[in-house]
Amino acid sequence: MAASTKNFNSPDGVYFSSGQVQPLFRTLADTSHLNGIFFCQGMRYRLDLGARLRYNARRRMSSVSEKCRVVGSVPDWQTWCSVAKMATLPCDYVELRADALPAELSTEQVLAVRPAAPVLLTARHAAEGGLRAWTEAERLRVALQLLPMAAAVDWETAMLPHATELVQAAKAAGVTLIASNHDFEKTPSLELLLEREAAARAAGADIVKFAFRLNRAEDMMVGVELLRRATGPLAVMGMGALGPVSRLLYAQHGSCLVYGYLGDTPTAPGQWGSELFRRALQQLSSI
């Protein structure tokens, strides 16, 4: 007996049979260009994906963009001033790189220019990608002076033991403390990353951030396993040629922050533009 053909025109998804709940397409926002015939349990299914049969991606895929927040990093003072004039921004937080500010700017001048989105304050150490060669005392002083404008502050895990004043001030003001770790040459071992996470949490970090260079595809799985074994909120991102795709992958696996850039210049290798990143996240479902 010939197998019968069944048309399945559900607006909520495409399933092999009425008894199964297995979306055929999990990550496609628009499958209108796909057609085909599939066989399952003796039944012949015709896949007719026109305007009437489209996977409801927006409803099913909103989970990633809801859980993973986009940080728009600003590379220079001129861009910061332009961003501050925008009524709406394609990101959830704007990162102020204090190490990229002109040395002649006063604290009052910086505090007077604020964007529409919450500010993530970063005063990066030169050893971990900072743009200014300053003393640790100067860096700490600038961070404390700019803390009133911040919703979150980023400090390197290795330097947190020397920044107790900043940690205490952030906690007292209700500012989220992000402890960051960078490796611009390689992907550290999972064991080392877990040790650094534990050290960051012991030092008072609310979020632990890792950015490392991916030299081969297999390196991406280290970040996936790190997210699986995390003991608290974690932000993970890859750098280098594999950086862009890794940032989407890590967002799907639970990274709570993803960094893009505002303006024309990335602030780290592997970044996307913030607007493009936000649109991409809206097409993804959690894994």
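**Exercise 1.** Does Phe277 count as buried or exposed, and at what relative accessibility?

*Solution.* The model is predicted: local features need pLDDT of at least 70, side-chain atom pairs count only at pLDDT 80 or more, and totals for chains, interfaces and linings use all residues. Residues are numbered from 1 along each chain as its sequence is written, and side-chain values use heavy atoms, with hydrogens and water left out.

Step 1. Take the cut-offs: buried means under 20% relative accessible area, exposed over 50%, and partly exposed in between (1.4 Å probe, protein chains only).

Step 2. Phe277 has 0% relative accessibility, so Phe277 counts as buried.

Step 3. Helices (H or I, at least four residues) and strands (E, at least two) are DSSP runs, numbered from the N terminus.

**Exercise 2.** Find which residues Phe277 is in contact with, leaving aside its neighbours within four places in sequence.

*Solution.* Step 1. Contact means heavy atoms within 4.5 Å.

Step 1. With those neighbours set aside, the partners of Phe277 are Arg247, Leu248, Val258, Tyr259, Gly260 and Trp272.

**Exercise 3.** Describe how helix 7 and helix 8 pack.

*Solution.* Step 1. Two packed helices are described by the angle between their axes and the distance between the axes. Axes are lines fitted to C-alpha atoms, for helices over the stretch in contact, and angles run from 0 to 180 degrees between N-to-C directions.

Step 1. Helix 7 (residues 220-228) and helix 8 (residues 243-252) pack at about 20°, and their axes are 10 Å apart. Helix 7 is therefore roughly parallel to helix 8, a term for angles under 35 degrees.

Step 2. List the contact: Met220, Gly223, Val224 and Leu227 of helix 7 meet Val245, Ser246, Leu249 and Tyr250 of helix 8. These residues divide into 6 nonpolar, 2 polar and no charged. Ala, Val, Leu, Ile, Met, Phe, Trp, Tyr, Cys and Pro count as nonpolar, Asp, Glu, Lys and Arg as charged, and the others, Gly among them, as polar.

**Exercise 4.** Find how many residues of helix 8 are buried, and what follows the helix.

*Solution.* Step 1. The buried residues in helix 8 are Gly243, Ser246, Arg247, Leu248, Tyr250, Ala251 and Gln252.

Step 1. Because 7 of its 10 residues are buried, helix 8 is largely enclosed by the rest of the structure.

Step 2. After helix 8 comes Gly254, with a positive phi near 115°.

Methods:
Angles under 35 degrees count as roughly parallel, over 145 as roughly antiparallel, 65 to 115 as roughly perpendicular and the rest as oblique.
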